[in-house]
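Reader: I've got a new model open and I'd like to learn how to read it. Can you walk me through it?

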Amino acid sequence: MTATNQGLKTLHEVHQRLQAVQEDLTRGPRQIQSKKIAVDRKKTELEAFRQSLKQARMTADSKNLQLKTNENKINDLKTKLNAVGSNREYEILTGQIAADTMANSVLEDEILEALTKIDQVQIEVKQSEADVAAAEADLAKVTAEVSAREAGLQQQAAVLQAEVAKAEAFLPNDIVPQYRRAVQAFGADALASVQNRFCSHCNLQLTSQRMLELKGGKWMFCSCGRLMYAVADDN
Ligand SMILES: [Zn+2]
């Protein structure tokens, strides 16, 4: 392998290591973001349970009020009953008392139902509060892990950037602009090895003549835009 091919192989490898570190660096904020979304989702659920509890309490309160009102009404009717003047009036009053008493019995069932519902929703609210706390703890843990890892990764990236610059030093000036554009567009993928005459990026096959030239150290970009280098002594 010529110095050119060896140099390009090294440059490609350093680019790939740098890219792996850079990908690690972008992964951290993405992990944090997904944990934040999980916290928001749990908070939304909790809010829904709290609303449901509020609603159940309002229902129970309103039915209780209705029950009290009916009880007062029944007491009034009973008072009136003591002072009735006719059988007809007596029948009407006792009929009303019976109907209101029946209505109250239904209300009492409904109140019991509403109280049971309140108990259930209170359990759900408690569970949901625990879920929010767990999601928040998870977010805090991941945030701490990411930030602890970040300094080391930044340092590694800086070291690898310097290594890339060092590995680029042998590139001839007339190659540099096209190489820079390829790095801009493709990142670590700006270079491609050629094995058995095939570009490892796009699978284009080089002619035997071009392969000989590449192995001899000629600078060549593939039609896919990658700076090519030969890695094996095959043809
Ligand atoms: Zn190619």
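Author: Here is a short tour, from overall shape down to strand pairing.

Author: This is a predicted model, where local features need pLDDT of at least 70, side-chain atom pairs count only at pLDDT 80 or more, and totals for chains, interfaces and linings use all residues. Residues are numbered from 1 along each chain as its sequence is written.

Reader: What radius of gyration does the protein chain have?

Author: The radius is taken over C-alpha atoms, and the globule rule is 2.2 Å times the number of residues to the power 0.38. Here the protein chain has 40 Å, while a compact globule of 235 residues would have a value near 18 Å. Its C-alpha atoms fill a box of roughly 125 × 35 × 25 Å along the principal axes.

Reader: How is the protein chain divided into domains?

Author: Domain bounds come from an automatic or database domain assignment. You get domain 1 (17-168) and domain 2 (171-235), with 61 Å between their centres, taken over C-alpha atoms.

Reader: And which pattern does the protein chain follow along the sequence?

Author: Helices (H or I, at least four residues) and strands (E, at least two) are DSSP runs, numbered from the N terminus. The pattern reads α-α-α-β-β-α-β.

Reader: Which strands does β1 join, and do they run parallel or antiparallel?

Author: Strands pair if DSSP finds at least two bridges between them. Strand β1 (residues 191-195) runs parallel to β3 (residues 227-230), with four bridges; there, Leu191 partners Leu227. With β2 (residues 198-199), β1 runs antiparallel through two bridges, and Val194 stands opposite Cys199. In that hairpin, with two residues between the strands, Asn196 takes a positive phi near 50 degrees.
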